[in-house]
Amino acid sequence: DQYFFNIAGIGLDAQVAALFNDPSRKQRGIFPYVYLSLREVLRFKPIDVEIGMERQNFQMKALVVAVANCKQYGAGARIAPLAKVDDGYLHVTAINPVNLFKLALNVPRLFNGTLHQVPEVLTLKTKSLILKTEKPIIYHLDGDTFKPAKVFNFTTLPGALKILVPQNSKI
């Protein structure tokens, strides 16, 4: 019963969004966000998640499961580099836990559009999916966080939003 335009997610990205959006937090901008991200990478416990979609099910531990309509979170971080806003599909990026060294080595891939080439990153394309977790966890829709839940249903609504863009835009 909730809508998002860009990216929804569970895991580390939702945890960082919740901390960043805390009303008591006075500092805004990219540096506090990066600080929180680095701190939470060290603290975050991967989640057990079941991903169900069109005749396929996956069970995994994940740092992040991002459900994307568009390519990037912001600040150039391309979590779903193959996503197209107008293709009618959701692009799922699920990141398996890795050691800190490997995680640090692959951070540039988040920004250069090659994250989907990392073996520990599962990428899927679907029109609908269900995510299930053992325990209720917070989630985000376009960076806004919501109360914990255990089941998340996603489906596309192709053509539901009309957008005015410059004539030669590359959306």
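**Exercise 1.** State the volume of the second largest pocket and identify what lines it.

*Solution.* Step 1: the second largest pocket of this predicted model has a volume of about 920 Å³. A pocket here is an open set of points, on a 1 Å grid over the protein atoms alone, where a 1.4 Å probe fits, with protein on both sides within 12 Å along at least five of seven lines; a volume is the space filled by probe spheres set on the points, which are joined across faces, edges and corners.

Step 2: 33 residues line this pocket (an atom within 4 Å of a point), and Tyr3, Phe4, Thr155, Thr156 and Leu157 lie nearest its centre.

Step 3: strands E1 (7-11), E7 (128-141) and E8 (144-155) each give two or more residues to that lining, with E8 giving the most, six residues. Strands (E, at least two residues) and helices (H or I, at least four) are DSSP runs numbered from the N terminus.

**Exercise 2.** Describe the largest pocket by volume, central residues and contributing elements.

*Solution.* Step 1: the largest pocket holds about 1,200 Å³ of space.

Step 2: its lining comprises 41 residues, and Tyr33, Ser37, Tyr73, Ala77 and Leu110 are the closest to its centre.

Step 3: two or more lining residues come from each of the helices H1 (12-21), H2 (30-43) and H3 (100-112); H3 supplies the largest share, eight residues.

**Note.** Residues are numbered from 1 along each chain as its sequence is written. In this predicted model, local features need pLDDT of at least 70 and side-chain atom pairs count only at pLDDT 80 or more, while totals for chains, interfaces and linings use all residues, and side-chain values use heavy atoms, with hydrogens and water left out.
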